[in-house]
Amino acid sequence: MPAPDTNPDVSALAAAPGVEEWYLDLQTEGARGEAAVAHLHGLLLRAARFEVFRRRGSLSELSAVELDELAQDAADDAAVSVLRRLGDFRRESSFRTWAYKFALLEAAVKVRRRAWRDREVTLEPEHWESLAHAGPGPDDDAEYGELLEAVREGIRTALTPRQRQVLVAAVLEGVPIDVLAERLGSNRNALYKLLHDARRRLRAHVVDAGFPEVNE
Amino acid sequence: MTGRDLDPTLKRLLGSGEPEIGCDECFAQLDRYVELELAGAPADELVPGLRAHLVGCPACAEEHESLRALLELDSVS
């Protein structure tokens with residue numbers, strides 16, 4: 001016998017048309033609740049396996065069993081997140097879509113961190129000096145050369161050491177932001193804000209150096 | 001030479017300069033945004049700043065691509 005539903009908000013949702021009613025059982029005790037959690041886990045595992053399969057090229061050293069273990073771990077962690085944040089679901093999408101994103105995030109982060117687990121993350125600011133060789137730009141073009149110098153000078157003088165470290169690692173070294181966050185004891189959102197501020201400062205420096213077109 | 005002509009590395013260094021949301025807000029809005037996209041609705045108008053964030057954040061962009069691809073797979077299976 002399922003526990004009686006005493007949450008008036010949930011009752012109202014259950015009566016609303018078009019709502020996937022099974023997810024409401026995630027908040028109930030007993031067999032109905034357990035069945036809903038099992039259903040949720042199945043969806044999350046499907047999404048996690050999908051993501052790990054898409055990114056498996058970066059984990060070529062892992063066996064199929066190890067890849068599936070990674071997906072299982074991601075689904076388990078995603079289930080915890082979904083259940084903890086059920087109150088955040090605003091019905092602005094289907095519940096399935098809302099839940100999927102948790103599994104995709106967990107799986108993607110695990111894949112990135114696993115792929116970089118044994119790789120050194122270079123946080124030496126000097127690496128931006130190689131900027132001239134970083135892209136396919138026309139190095140022999142005088143104006144382009146001046147722009148590159150303005151960018152190099154901006155990295156050197158307009159950024160804080162932390163901004164320089166993160167910008168160089170994330171953009172020039174290609175270190176995934178989740179890996180950087182883990183190594184620097186931060187989180188994705190905070191690091192991206194730092195990266196965003198660094199870009200804004202660098203752009204302003206380059207504009208002041210005579211290249212307003214970078215804002216076009 | 002305009003900003004659009006910059007090589008990809010310089011573009012990633014300088015960013016677009018367009019108003020954008022952060023990673024947490026992107027995650028909060030991603031399900032709605034992708035469903036709007038797949039429905040042919042003007043997702044960029046309805047969720048301002050998310051597209052610019054995807055351009056600047058490779059991790060969020062990968063997760064956006066994956067969610068969209070997974071929903072597209074669901075719709076045909």
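Two residues are in contact when they have heavy atoms within 4.5 Å of each other. With that idea in hand, let us look at one residue of this predicted model. Arg203(A) lies in helix H8 of chain A. Leaving aside neighbours within four places in sequence, Arg203(A) is in contact with Val214(A) and Asn215(A) in its own chain, and with Leu14(B), Gly15(B), Ser16(B) and Gly17(B) in chain B.

Which side chain of opposite charge is nearest to Arg203(A)? That side chain belongs to Glu20(B), and the distance is 7.0 Å. A salt bridge needs the side-chain nitrogen and the carboxyl oxygen to be within 4 Å. Arg203(A) is buried and yet has no salt bridge.

## Where the two chains meet

Now let us step back to the whole interface. Chain A brings 47 residues to the contact, and chain B brings 41 residues. The size of an interface is often given as the accessible area lost when the parts come together. Between chain A and chain B, the buried area is about 3,900 Å², with carbon and sulfur atoms giving 61% of that area.

The rule for polar contacts finds 24 residue pairs across the interface of chain A and chain B, both residues being at pLDDT 80 or more. On the side of chain A that touches chain B, the elements giving two or more residues are helix H2 (30-54), helix H4 (95-115), helix H5 (142-157), helix H6 (161-172), helix H7 (177-184) and H8. Which of these gives the most? It is H4(A), with 10 residues. Sorted by kind, the residues on this side of chain A are 24 nonpolar, seven polar and 16 charged.

## Salt bridges between the chains

How many salt bridges are there between chain A and chain B? The count is seven, while the structure over all chains holds 23.

One pair to find in the structure is Glu63(B) and Arg188(A), whose closest N and O atoms are 2.7 Å apart in a salt bridge. This pair crosses between chains, from helix H5 (residues 58-76) of chain B to helix H8 of chain A. Are the two partners buried or exposed? Glu63(B) is buried, with a relative accessible area of 5%, and Arg188(A) also counts as buried at 11%. Another pair is Glu62(B) and Arg55(A), whose side chains meet in a salt bridge at 3.9 Å, N to O.

## Salt bridges within a chain

In chain A, Arg32(A) forms a salt bridge with Asp25(A), and their closest N and O atoms are 2.4 Å apart. Arg32(A) is partly exposed, with a relative accessible area of 40%, whereas Asp25(A) is buried at 16%.

In chain B, the side chains of Arg68(B) and Glu72(B) meet in a salt bridge at 3.5 Å, N to O. Because these residues are four apart in helix H5 of chain B, about one helical turn separates Arg68(B) from Glu72(B). Both are partly exposed, Arg68(B) with a relative accessible area of 28% and Glu72(B) with 35%.

To finish, go back to helix H8 (residues 188-208) of chain A, where Lys193(A) is found. Lys193(A) is exposed, because its relative accessible area of 53% is over the 50% cut-off. Lys193(A) and Ala31(A) are 162 residues apart along the chain, and their C-alpha atoms are separated by 44 Å.

Definitions and conventions. Residues are numbered from 1 along each chain as its sequence is written. Chains are lettered from A and ligands numbered from 1 in the order in which they are written. This is a predicted model: local features need pLDDT of at least 70, side-chain atom pairs count only at pLDDT 80 or more; totals for chains, interfaces and linings use all residues. Side-chain values use heavy atoms; hydrogens and water are left out. Buried means under 20% relative accessible area, exposed over 50%, partly exposed in between (1.4 Å probe, protein chains only). Buried area is the accessible area (1.4 Å probe) that two parts lose on being put together, summed over both. A polar contact is a pair of N or O atoms within 3.5 Å; within protein, one must be able to donate a hydrogen and the other to accept it, and residues adjacent in sequence count only if both atoms are side-chain atoms. Ala, Val, Leu, Ile, Met, Phe, Trp, Tyr, Cys and Pro count as nonpolar, Asp, Glu, Lys and Arg as charged, and the others, Gly among them, as polar. Lys and Arg count as positive and Asp and Glu as negative; His and the chain ends are not counted.
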